[in-house]
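Below is a short briefing on one protein chain.

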Amino acid sequence: SAPPINAPVLPLPAFDSRIVYFDKPEEKWAFSLNNFLSTNLLGEGNSVSVSPDGVLVYITRDKGRMDVHSAIDGAFRFTYTPNRVGPNFYPIQCKSGTVFTELDGVQFAVYSIVDMPPLVQG
């Protein structure tokens, strides 16, 4: 949309010879999410996140599982599936992405899961 009246119009940044410009994104690798989608394992709030060092890709799934792939070639690295806990063992849900943090020099990938009781139908 057009800038508001009297708003300053900033010039476009000048060409920077230190940056390599591409006409379109460069695809390094790909894998299909059809299996994830057909089994309803990706949902609202799930995400694909790249680790700060650019080495791993973290994919959160609707039922709490996290899959990790190599960001270099897309190869599968590992899966983490949390255990259900508590007296009722409610189903686990995940509606979050991944956050990366560090504590005392140790790096962590953190995501949120919840075990929700089923909704009562009236």
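In the residue classes used here, Ala, Val, Leu, Ile, Met, Phe, Trp, Tyr, Cys and Pro count as nonpolar, Asp, Glu, Lys and Arg as charged, and the others, Gly among them, as polar. The model is predicted: local features need pLDDT of at least 70 and side-chain atom pairs pLDDT 80 or more, while totals for chains, interfaces and linings use all residues. Residues are numbered from 1 along each chain as its sequence is written, and side-chain values use heavy atoms, with hydrogens and water left out.

**Overall layout**
- The chain has one helix and eight strands (DSSP runs numbered from the N terminus: H or I of at least four residues for helices, E of at least two for strands).
- Along the sequence the pattern reads α-β-β-β-β-β-β-β-β.
- Of the 122 residues, 22% count as buried (buried is under 20% relative accessible area, exposed over 50%, partly exposed in between, with a 1.4 Å probe and protein chains only).

**Largest pocket**
- A pocket is an open set of points on a 1 Å grid over the protein atoms alone, where a 1.4 Å probe fits, with protein on both sides within 12 Å along at least five of seven lines; lining residues have an atom within 4 Å of a point.
- The largest pocket has a volume of about 170 Å³, a volume being the space filled by probe spheres set on the points, which are joined across faces, edges and corners.
- Its lining divides into seven nonpolar residues, three polar and one charged.
- Strand 2 (56–60), strand 6 (99–103) and strand 7 (106–110) each supply at least two lining residues, and strand 7 gives the most, with three.
- Tyr58 and Phe100 are among the lining residues.

**Aromatic pair**
- The whole structure holds one aromatic pair (ring centres of Phe, Tyr or Trp, the last by its six-membered ring, within 6.5 Å; planes under 30 degrees apart are stacked, over 60 edge-to-face, the rest tilted).
- The ring centres of tyrosine 58 and phenylalanine 100 are 5.2 Å apart and the planes stand at 65°, so the pair is edge-to-face.
- Because tyrosine 58 is in strand 2 and phenylalanine 100 in strand 6, the pair ties together parts 42 residues apart in sequence.
- Tyrosine 58 is buried at 11% relative accessibility, whereas phenylalanine 100 is partly exposed at 25%.

**Serine 70**
- Serine 70 lies in strand 3 (residues 66–70) and is buried, at 8% relative accessibility.
- Beyond its neighbours within four places in sequence, serine 70 is in contact (heavy atoms within 4.5 Å) with Trp29, Val55, Leu56, Ala75 and Arg77.
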